[in-house]
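This report covers the packing and side-chain contacts of one model. The sequence and structure come first.

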Amino acid sequence: FPDTDRALVLLEEYCKKLRKPEEQQLKKAIRKVMGIFKSSLFQALLGSFKKTATRRGTISHTSLPVILACDVFGCPKD
């Protein structure tokens, strides 16, 4: 899913900024989230959710991974 790829890019950019020793625990946690986003189980669940939500008319093109990344870390302007 391209939206997940975008979220991974945002998370990776944020991780690069975490250089202080006290930020390494956060960096490790973000890397775990990135691993989850890359997992086939997450991709399958996301695809299922999008299909269901689209059928119900609750979303049209909403991206959960990008929304999560932008909400937590801020979204760069395109």
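## The aromatic pair

In this predicted model, Phe37 and Phe42 are both buried. Phe37 has a relative accessibility of 4%, which puts this residue under the 20% limit for burial. Phe37 belongs to helix α2, which covers residues 24-38.

One aromatic pair is found when the whole structure is searched. The ring centres of Phe37 and Phe42 lie 4.9 Å apart with the planes at 25°; planes under 30 degrees apart count as stacked, so this pair is stacked.

Phe37 can also be placed relative to Ala7, from which it is 30 residues away along the chain. The C-alpha atoms of Phe37 and Ala7 are 8.5 Å apart.

## The nonpolar core

Which residues make up the largest nonpolar core? This core has ten residues: Ala7, Leu8, Leu11, Cys15, Leu18, Ile30, Met34, Phe37, Phe42 and Leu46. Helix α1 gives the largest share, with four residues. Both members of the stacked pair, Phe37 and Phe42, are part of this core.

In soluble globular proteins, nonpolar side chains tend to be buried together.

## Helix α1

Helix α1 runs over residues 2-17 and has 16 residues. From its first C-alpha to its last, α1 reaches 23 Å, close to the 22 Å expected at 1.5 Å a residue.

The buried residues of α1 are Thr4, Ala7, Leu8, Leu10, Leu11 and Cys15. Viewed down the axis of α1, these buried residues fall within an arc of 160°, so they line one face of the helix. Pro2, Lys16 and Lys17 are exposed and sit on the face of α1 turned away from its buried side.

## The salt bridge

How many salt bridges does the count give? The count comes to one salt bridge. Glu12 and Arg31 form this bridge, and their closest N and O atoms are 2.8 Å apart. The pair links distant parts of the chain, with Glu12 in helix α1 and Arg31 in helix α2, 19 residues apart.

Are the two partners buried or exposed? Glu12 has 24% relative accessibility and therefore counts as partly exposed. Arg31, with a relative accessible area of 36%, is partly exposed as well.

Conventions:
Residues numbered from 1 in each chain as written. Predicted model: local features only at pLDDT ≥ 70, side-chain atom pairs only at ≥ 80, totals over all residues. Heavy atoms only, no water. Helix = DSSP H or I, 4+ residues; strand = E, 2+ residues; numbered from the N terminus. Expected span 1.5 Å × (residues − 1). Buried < 20%, exposed > 50% of the residue type's maximum accessible area, 1.4 Å probe, protein only. Arc of directions from axis to C-beta. Phe/Tyr/Trp six-rings, centres within 6.5 Å; stacked < 30°, edge-to-face > 60°. Salt bridge = Lys/Arg side-chain N within 4 Å of Asp/Glu carboxyl O. Core = buried A, V, L, I, M, F, W, Y, C linked by side-chain atoms within 4.5 Å.
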